[in-house]
Amino acid sequence: MTNPLTPSPAWKLLEEHFREMKNTSLRSLFSEDNNRGERFLIENLGILFDFSKHRISTKTLELLVQLAEERGLAEKTRAMFSGEKINITENRAVLHTALRAPKGLVIMVDGINVVPEIHEVLERMAGFANSIRSGAWKGFTGKPIRSVVNIGIGGSDLGPVMAYEALKFYSDRNITFRFVSNIDGNDFAEAVKNLDPEETLFIVASKTFTTLETMTNARTARQWLLDKLADDRAIARHFVALSTNEELVTRFGIDAGNMFGFWDWVGGRYSMTSAIGLSTMIAIGPDNYSDMLAGFHEMDEHFRTAPFDRNIPVIMALLGIWYIDFFGAQTQAVLPYENYLKRFPAYLQQLTMESAGKHVTLDGENTGYDTGAVYWGEPGTNGQHSFYQLIHQGTMLIPCDFIGFRRALHPLPLHQDYLIANMIAQGEALAFGKTAEEVRGEGVAENLVAHKVFEGNRPSSTFFMEKLTPANLGKLVAMYEHAVFTQSVVWGINAFDQMGVELGKVLAMKIIPELQEKGKLLEHDSSTNNLIGYYRG
Ligand code: F6P
């Protein structure tokens, strides 16, 4: 297999350097350098990013930065921010960064400055959100809206649900928010349980307005509403659409006046700051939403302008490459020590894995090196009582991202001290472990010593911020967006298409009639035929 990265001088140097580093321990790296904790630390944008507990030296970082330079990261970043069509397989610009650009900026796509259009939609969203929050918007029978149900999937669900959960503290508690994504009818049935159609607003969120799951759920929602309100005119008071496809929105029966648009240059998984954020805006209000956009923009600017060796997303990305391509790591754990961030790892799964799960380069060549890692995680401390065992004593190397906040949103200081002590302790335990001598020193019986040894040398980053606010959430999301973009540039892959989701969808469309028409001849493999046969009964 050809490897398009082998001609890169930095890649070759990293291969040699890895031979020196692979057996170097974090214990020795820290004992050789009293300033290591400060050397590999960035404090910027209200984020303390500690990356000292990584199996790197100053030289590693220099070579990784050289790799990013050789791969043209600066030029590719400029191209993305300026609206060039870098999504070459779909011939599209990639401009989620424009969604949070301040009003005065000029960003051209196909000869049009897109920033005024973006702000026009934001203002319409704010007007609508305020009218729902104040009760001025009335349902068909004159009652105010008390429940909002977002129907969408993938990027049209994960961003909204993650942001709603993350920012619940700031949300309007007089309105109930629910999210329906799955085609599984249980999802819809539970989402509308105990809701009153007269007081319910459905937000149908779909970039394409063709997605099977979303359109099926939206049709079911329409029927659920009409079963009670029995008048098609009720749709206009209880349905809004977030989409790029006005024709299909109106064909569904939603008035174009109730549609909030966005553009083909917003990828689904990069869309939470487009109109797709409407449920978030209704929940937290337009001012908090603006703060969130400002946080995104701050991180966009940091990524665009900071030198690579002081650039948070760039360093995160390069560390990921170091572990995936040199140490053979296959997964990346994301461990927020903040319960409100419970859906953050799930959100990151689509962002990172739909973006970097590619086996060919932009030229269509097999990469020959590993690309995207599996992202996963749960909030601390729950994970500690579940899967941390494997991270500490298993046989796989799993880099961890710890995310924590100094100040809690609740008035329970003891809980916060315990929580943060645990986060800090986990990074320390992973890095330094416990040797057999130390275990013996505790008087442990010899037959148990090996079981109680922690090898250590397990890497982690810690992202410490002041408090979970809308702005800080924006910074965190944009940080991962730009990290995955950076990795895609180094790997030479397209982070903005998702062709790998197509095949299964096409095959499902073929199987649907085969499940429904029992006599239909089955021409799949024997396993697939059996499964269809079992369902048919
Ligand atoms: O599953 C693939 C995908 O295209 C995602 O990338 C996207 O976020 C999701 O489906 C939903 O798409 P849409 O917003 O068009 O309904």
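Modeller: Ala, Val, Leu, Ile, Met, Phe, Trp, Tyr, Cys and Pro count as nonpolar, Asp, Glu, Lys and Arg as charged, and the others, Gly among them, as polar. The model discussed here is predicted.

Colleague: Which helix supplies the largest share of the lining of the largest pocket?

Modeller: The largest pocket holds about 1,200 Å³ of space. Helices α9 (212-229), α14 (344-356) and α20 each supply at least two residues of its lining. The largest share is seven residues, and it comes from α20.

Colleague: Is Ile 512 buried, partly exposed or exposed?

Modeller: Ile 512 sits in helix α20, which covers residues 502-516. Its relative accessible area is 31%. Buried means under 20% and exposed means over 50%, with partly exposed in between. Because 31% falls between these cut-offs, Ile 512 is partly exposed.

Colleague: Which residues form a nonpolar patch on the surface together with Ile 512?

Modeller: A residue in a patch needs over 30% relative accessible area, and Ile 512 has 31%. The patch has about 320 Å² of accessible area in total.

Colleague: Which helix gives the most to the lining of the second largest pocket?

Modeller: About 350 Å³ of space lies in the second largest pocket. Its lining has 20 residues, with Glu 338, Asn 339, His 410, Gln 416 and Leu 419 nearest the centre. By class, the lining divides into ten nonpolar, eight polar and two charged residues. Six residues of the lining come from the helix that gives the most, α16 (residues 413-432).

Colleague: How much space lies in the largest cavity?

Modeller: A cavity is a space where a 1.4 Å probe fits but cannot get out, whereas a pocket is open. The whole structure has five cavities of 30 Å³ or more. The space in the largest cavity is about 140 Å³.

Colleague: Which element gives the largest share of the lining of the largest cavity?

Modeller: The largest cavity is lined by 16 residues, and those nearest its centre are Met 316, Gly 320, Gln 332, Tyr 375 and Asp 401. By class the lining has nine nonpolar, six polar and one charged. The largest share, five residues, comes from α13.

How values were computed. Residues numbered from 1 in each chain as written. Predicted model: local features only at pLDDT ≥ 70, side-chain atom pairs only at ≥ 80, totals over all residues. Heavy atoms only, no water. Patch = residues over 30% accessible without salt bridge, like charges linked within 9 Å, V, L, I, M, F, W, Y side chains within 5 Å. Areas by Shrake-Rupley, 256 points an atom, 1.4 Å probe, with all protein chains shown as cover. Salt bridge = Lys/Arg side-chain N within 4 Å of Asp/Glu carboxyl O. Helix = DSSP H or I, 4+ residues; strand = E, 2+ residues; numbered from the N terminus. Buried < 20%, exposed > 50% of the residue type's maximum accessible area, 1.4 Å probe, protein only. 1 Å grid on protein atoms, 1.4 Å probe; cavity = no way out; pocket = protein on both sides within 12 Å on 5 of 7 lines; lining within 4 Å. Points joined across faces, edges and corners; volume = space filled by probe spheres on them.
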